[in-house]
Amino acid sequence: MRLDCDILIVGSGAAGGVLAATLSELTSRRIILVEKGGHYTSAFFNQREWDMNVLYADRGARSTTDGAVPIRGGECVGGGTTVNYALAFEPVAAVWDRWKRERGLTGFSFDRSADDYGVAGLNMASCLAEVRARLHVEEVSDAAVNDNNRLLERGCRALGLSSKRFSLNMRDCLGCGFCTEGCAYDRKQGTLVTYVPDAIGRGVRLIHHCDVQRLDFERRAGGLQAVGAHAHVRETEAGSQPNSVEAGDLQIRAQLVIVCAGSIESPVLLQRSGHPDPHGVVGRGLILHPGLPIVGIMDAPLTNYRGITGSIYSDHFYSSHGFYYECLFGHPVYGSVVLPFVGGDHFDLMRQYPRIAGFGVMLVDTASRANRVEWHPRTGQRRILYQLSEGDRGRLRFAARTGVEIMFAAGAREVLLPSSETIGPLPTPRFRRAEEAIHCASLTFAPHQTTLSSSHCQATLKMGEDPATSVVDSRGRSHHVRDLVVCDSSVFPESCGANPMLSIMTLARYQGRRIAAELGR
Amino acid sequence: MRSAYALLSDPPFTGYQAVLTGIVRAVLPAERSDFPVTPAQVEARLLRLFELERDPRFLALQKTLVIFEQTDLFAELAPVDAELTARDARERGLDAAALMAALRRQDRELADAFARSLGDGAPRFSTLRLEEQRAYLDLWRRSGFLLKQQFYASARALVMISAYSMEVVWPAIGYDGPLLPRRRT
């Protein structure tokens, strides 16, 4: 089957959903939005972790190639915004300003009066305000903070550390605790219930279950030009909304191709399509925001997975050490994989479930060329290779130590890290007293000995004005292929400095408005 | 010979079933009467959730299960993933040859210590006692080779996911679960 359009958007998550809605709002172009995953809605979401793995990349089993770091990512209509905790951190202006200085980026003004690229009112501040309004971003009320979050707040206060309440993209949350299984009540305002329906209502054609095999590049006027894609549409799985095309091979011709497949799949798609890479930068410098859970065993049962899962965080150490403490909690399937040990030792931990408190360190990791996503033409396999740098390990040790101290200050009887490392006199990081937290200085975070996890991949197709160090320019345009734009977390030159959803959506709104202005109606 | 065959071909289910049974027992609290399901029930669920025989993504896992059975081959398996490990070491500016030698030495030490603990016992995983099976599984976690670690993590996760997605297990850990019925529409 062959389809023609003006704009092809690959991926319907935080970036693709916003772009489809913005471009259909501001232009009359024919737009096709393709999504690898299915189109599942609230009537399908049943709050079972295992049943809902259809919403995740690799059915929730995606990880670094050594299996050491699980990398969760939404793969369904709405992408990560369908399965995340609705944490709406604003873009960190200081980070974007640094990128502008260091990488020569143009635009991205945070001044509300700026007209970037000569487009009236185009700036990051106005785009953020538009996104916040559409997503209904609001700070959690104090009354909605559950026991587990209250413990992080209490522990921070006892140690003289600041803590804050999250803002969420939520409308009247019921507090069921199943954000990561898709919101069964349509209270979470991801692109699934906001921008994607907006786009469809304006005539955008959504094709889900669509594997884009390669982007099509043609040599024209001495250079490569993107002209569409070859894809395969799978049979629609049970529970999904019906598709707009039959299953089978699909060729889509387009004037402009926008890749929004996220920081793992976007570089793989470019590599698979033969995108030039003369400086070896495609897929390089992967950022994961490694997360380290701090687990407390309390004396009495508490509300942990019920209520709003994440309402309290601390950015006390963000400026000095580059990490956050964020309160979150998992259900038993994920929890059983994250908690250490096997056999009776593991089961004894799982039996503590109602008395477990948990928050996590989210480390803003530093980019290294060797951390990368690569695709092997011979085997057709994708590899995700990642190791913490020594500097990042040092910051994570400090974060672990202070995290353990916070948990004790919150009243924990016992604190443990998901780790089987021997540290100092402790056979494993299982602490009976706050004074023992000092032994975190011996943690190595070796793979499969200490569990780290990730949900925030970034920076694999970096933007910059120098083709030797970047894949796309400030407009997201490929340095090597005309009419090819990348717009998702992969274009961040490094960590965006916070949970990335709002940064990605603001970027997408910004690029969408700019593209619309440059295309004309 | 048996392992060489496993590397080349798609092993039959009977070629790895006993190993899988052993791994399920080693990961679960098989010796505990307060765990609400039996290893056999978890294994049956695992085979329902993960179609090892039908899904080609599990072919490498099947082959590794066959090799896993030969506990005395643990230290000899480095070449299976040597290329990937060495290439990644070079990417990070490390001396790949020295690193590989150190990793092999570490695997050899782990294997020797394990063999000493067995005494004259048979080196087949499926015939070991439960604690010996756990100790052998742990060698794969402690190895420095990426694909051995990956096997450990995958095998452990398959068992954990199979067990803790069983609703009958939830009361034993005090998890009161979803608010919605399983079928909603």
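The lining of the second largest pocket draws at least two residues from each of β17 of chain A and, in chain B, α5 (82-91), α6 (96-118), α7 (130-142) and α8 (146-164). Helices (H or I, at least four residues) and strands (E, at least two) are DSSP runs numbered from the N terminus. The model is predicted, so local features need pLDDT of at least 70 and side-chain atom pairs count only at pLDDT 80 or more, while totals for chains, interfaces and linings use all residues. Residues are numbered from 1 along each chain as its sequence is written, chains are lettered from A and ligands numbered from 1 in the order in which they are written, and side-chain values use heavy atoms, with hydrogens and water left out.

This second largest pocket holds about 600 Å³ of space. Of its 33 lining residues, Gln387(A), Pro447(A), Gly144(B), Leu146(B) and Gln149(B) are the closest to the centre. The lining divides into 15 nonpolar, 12 polar and six charged residues. Here Ala, Val, Leu, Ile, Met, Phe, Trp, Tyr, Cys and Pro count as nonpolar, Asp, Glu, Lys and Arg as charged, and the others, Gly among them, as polar. On a 1 Å grid over the protein atoms alone, a pocket is an open set of points with protein on both sides within 12 Å along at least five of seven lines, whereas a cavity is a set where a 1.4 Å probe fits but cannot get out; lining residues have an atom within 4 Å of a point. Grid points are joined across faces, edges and corners, and a volume is the space filled by probe spheres set on the points.

Chain B has nine helices and zero strands, and its C-alpha trace spans about 55 × 40 × 35 Å along the principal axes. At the interface, 50 residues of chain A are in contact (heavy atoms within 4.5 Å) with 44 residues of chain B. The two chains bury about 4,100 Å² between them, 54% of it on carbon and sulfur atoms. In chain A, the residues that lose the most area to chain B are Arg48(A), Trp50(A) and Phe347(A), together 18% of what that side buries. Buried area is the accessible area (1.4 Å probe) that two parts lose on being put together, summed over both.

Six salt bridges cross this interface (a side-chain nitrogen of Lys or Arg within 4 Å of a carboxyl oxygen of Asp or Glu). Arg48(A) forms a salt bridge with Glu167(B), with the closest N and O atoms 3.0 Å apart. On the side of chain A that touches chain B, α9 (332-338), α10 (343-350), β16 (372-376) and β17 (381-385) each supply at least two residues. The most come from α10(A), with six residues. By class, that side has 24 nonpolar, 16 polar and 10 charged residues.

Over all chains the count comes to 51 salt bridges. In one of them, the side chains of Asp58(A) and Arg382(A) meet at 2.7 Å, N to O. This pair links distant parts of the chain, 324 residues apart: Asp58(A) lies in the loop between β3 (31-34) and α2 (80-83), and Arg382(A) in strand β17.

The largest cavity has a volume of about 100 Å³. Its lining has 15 residues, with Met170(A), Cys173(A), Gly175(A), Cys176(A) and Cys179(A) nearest the centre.
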